[in-house]
Amino acid sequence: LPIFNGGHTHVQTLLRRFGLLSGRAPSAPRLYRFHGRQTIGRTVAAFGPEVANDLRKLGRRTAALGRAVPDPHRPWTALTAADLDHRSVAEWLDDLGLSPLTLSYLSVWHRLDYSIDNDQISLLQLARDDRLYRNEPSNSDGRPRQGMDALPRAMAAELGNQVKLCTQVVSLSQDAGGVTIRYRQHGAVTSIRAARVVVAI
């Protein structure tokens, strides 16, 4: 379950609108598989003391990076901005002397966050993001106790029969007036018109 901090303004607004921030849900245990090993826990520190120590060291060093960027909205104005920008996150991590398992975990985690590998991420970007995250009020974090699927369920309930389930889009056609969506539902093909359409996977 993700935690949405105050920076996720649209999600926070929706969660409040549907009354879904009445309590904090605890993190559920996860199955972790990294570097040929497997464990179950609430964080990757469940692998043992070496990884737990790595994460503490990483937390301290990342916080120090963040402090080097006084204004996360203008990171290029930091005194060390040029030096940080000339280094990659991968280079910085190598210097920390972390275990191979921790490095494997961070490689996956950062690729999920940034959609690129650590050797392509500027250290200035990481410093800026840490400062931005730490600037958010901690009391703005939250997630629904019922789980995050409570939000789309609440939105679908409000929309009522406008939500079409078990539906296959047959075709999309666009003209100057809008978009026509032809779809098949329960064996029958019908269509709707709209000003816009969002196609997502």
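This is a predicted model: local features need pLDDT of at least 70, side-chain atom pairs count only at pLDDT 80 or more; totals for chains, interfaces and linings use all residues.
Residues are numbered from 1 along each chain as its sequence is written, and side-chain values use heavy atoms, with hydrogens and water left out.

Q: Why are α2 and α5 called oblique to each other?
A: Helix α2 (residues 49-67) and helix α5 (residues 100-114) pack at an angle of about 55 degrees, with axes 9 Å apart. Angles under 35 degrees count as roughly parallel, over 145 as roughly antiparallel, 65 to 115 as roughly perpendicular and the rest as oblique. The pair α2 and α5 is therefore oblique.

Q: Which residues make the contact of α2 with α5?
A: Contact means heavy atoms within 4.5 Å. V51, D54, L55 and L58 of α2 meet L101, T102 and L106 of α5. By class, this contact has 5 nonpolar, 1 polar and 1 charged residues. Ala, Val, Leu, Ile, Met, Phe, Trp, Tyr, Cys and Pro count as nonpolar, Asp, Glu, Lys and Arg as charged, and the others, Gly among them, as polar.

Q: What makes α2 roughly perpendicular to α6?
A: The axes of α2 and helix α6 (residues 123-135) come within 7 Å and cross at roughly 90 degrees. That angle makes α2 roughly perpendicular to α6. On the α2 side the contact includes G59, T62 and A63, and on the α6 side it includes L123, L126 and A127. Its residues divide into 5 nonpolar, 3 polar and 4 charged.

Q: How is the crossing of α1 and α7 described, as left-handed or right-handed?
A: A crossing is left-handed if the near helix is turned anticlockwise from the far one by less than a right angle, and right-handed if clockwise. α1 passes α7 in a left-handed crossing. The contact is made by V11, L14, L15 and R17 of α1 and L151, M155 and E158 of α7.

Q: What lines the second largest pocket?
A: A pocket is an open set of points, on a 1 Å grid over the protein atoms alone, where a 1.4 Å probe fits, with protein on both sides within 12 Å along at least five of seven lines; lining residues have an atom within 4 Å of a point. The second largest pocket is lined by 13 residues, of which V169, L172, I181, V197 and V198 lie nearest its centre. These 13 residues divide into 10 nonpolar, 1 polar and 2 charged.

Definitions and conventions. Axes are lines fitted to C-alpha atoms, for helices over the stretch in contact, and angles run from 0 to 180 degrees between N-to-C directions. Helices (H or I, at least four residues) and strands (E, at least two) are DSSP runs, numbered from the N terminus.
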